[in-house]
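User: I would like to learn how to read helix packing and pockets in a model. Could you walk me through it?

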Amino acid sequence: MRAGAVLLPVELRDGGGEQPLRTPGTGGEPGLWLVRAETFKAAVARLAPVVLDGSEKQRAAAFTRARDRDTYLAGHVALRLLLGARLGVPPAEVPLERLPCPMCKGPHGRPVVRGGAVHFSLSRSEGLCLLACAPAPVGVDVEAVPEYAVAEEVGACLHPWERAELSALRPADRPAAFARVWARKEACLKGLGVGLGRALSLDYVGAASGAVAAVRGWTVGDVAVDDGYAAAVAVRG
């Protein structure tokens, strides 16, 4: 995947069938799947009780908003279906664990398949989930475009060049551009396994549409998803 590539979305359908945009290969290309929680809801109701583990069920039950809970369940059911198919094991038996955090060594680093047979990433936002599988560490992020006030407030934490690029835009265009920057950064941070533990001002990814700045050690691209969202994928190497 070349830096800045715009990738078309592919949906994981209700029946559980998968149609990856790209199958992971030796060149490090990620397979990407898009899951819309509402259209995947019937499959989730049938499969969640039997494929999710206790911690996933507990996390789902803790959501107070039904939409957040449905999105979480859709993403995690889809993830287990995809990984189970790739590993040749039942979805409920996919051996998931977390690596130590690279920064503090705590047990909240990047989620992985035990043994490292395949790398994956999952992101969810307001009814939409994006998943990736790859032969190298990978991160994805999908973000609903925020309100103007949120984009302005959080945008102050970005790299100085990104703040300047956003300020140069018309106010009406800033929320979508902010979401684009945020998704690119989050994809890289998820690939690293540090999340927001790394300052958002350190790495420059750029705000321009279809033009991702080079990030050392990572190939980053935008992912074309539904209107009102921004998404990105980052693969190490």
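This is a predicted model: local features need pLDDT of at least 70, side-chain atom pairs count only at pLDDT 80 or more; totals for chains, interfaces and linings use all residues.

User: Let's begin with a pair of helices. Is the crossing in which helix 5 passes helix 6 left-handed or right-handed?

Analyst: Helix 5 passes helix 6 in a right-handed crossing. The contact involves Glu162, Leu166 and Ser167 from helix 5, and Arg174, Ala177, Phe178, Val181 and Lys185 from helix 6. Sorted by class, this contact has four nonpolar, one polar and three charged residues.

User: At what angle do helix 5 and helix 6 pack?

Analyst: Helix 5 (residues 160-167) and helix 6 (residues 174-192) pack at about 155 degrees, and their axes are 10 Å apart. Angles over 145 degrees count as roughly antiparallel, so helix 5 is roughly antiparallel to helix 6.

User: What about helix 2 and helix 3: how far apart are their axes?

Analyst: The axes of helix 2 (residues 54-62) and helix 3 are 8 Å apart, with a packing angle of about 160 degrees. That makes helix 2 roughly antiparallel to helix 3. The crossing of this pair is right-handed. From helix 2, Glu56, Arg59 and Ala60 meet Arg69, Tyr72, Leu73, His76 and Arg80 of helix 3. The contact has three nonpolar, one polar and four charged residues.

User: And at what angle do helix 1 and helix 3 cross?

Analyst: Helix 1 (residues 41-51) and helix 3 (residues 66-87) cross at roughly 70 degrees, and their axes come within 9 Å. Angles of 65 to 115 degrees count as roughly perpendicular, so that is the word for helix 1 and helix 3. Helix 1 passes helix 3 in a left-handed crossing. The residues in contact are Lys41, Val44, Leu47, Ala48 and Val51 on helix 1, with Asp70, Leu73, Ala74, Val77, Arg80 and Leu81 on helix 3. By class there are eight nonpolar, no polar and three charged residues in this contact.

User: Now for pockets. What volume does the second largest pocket have?

Analyst: Here is the general idea: rolling a probe the size of a water molecule over the atoms shows where empty space is left. In this model, the second largest pocket has a volume of about 260 Å³. It is lined by 16 residues, and the closest to its centre are Arg180, Val223, Ala224, Tyr229 and Ala230.

User: Which element gives the most to the lining of that second largest pocket?

Analyst: Strand 8 does, with three residues. Helix 6 and strand 8 (229-236) each supply at least two residues of the lining. By class, the lining divides into nine nonpolar, three polar and four charged residues.

Technical notes. Residues are numbered from 1 along each chain as its sequence is written. Side-chain values use heavy atoms; hydrogens and water are left out. Axes are lines fitted to C-alpha atoms, for helices over the stretch in contact, and angles run from 0 to 180 degrees between N-to-C directions. Helices (H or I, at least four residues) and strands (E, at least two) are DSSP runs, numbered from the N terminus. Angles under 35 degrees count as roughly parallel, over 145 as roughly antiparallel, 65 to 115 as roughly perpendicular and the rest as oblique. A crossing is left-handed if the near helix is turned anticlockwise from the far one by less than a right angle, and right-handed if clockwise. Contact means heavy atoms within 4.5 Å. Ala, Val, Leu, Ile, Met, Phe, Trp, Tyr, Cys and Pro count as nonpolar, Asp, Glu, Lys and Arg as charged, and the others, Gly among them, as polar. On a 1 Å grid over the protein atoms alone, a cavity is a set of points where a 1.4 Å probe fits but cannot get out, and a pocket is an open set with protein on both sides within 12 Å along at least five of seven lines; lining residues have an atom within 4 Å of a point. Grid points are joined across faces, edges and corners, and a volume is the space filled by probe spheres set on the points.
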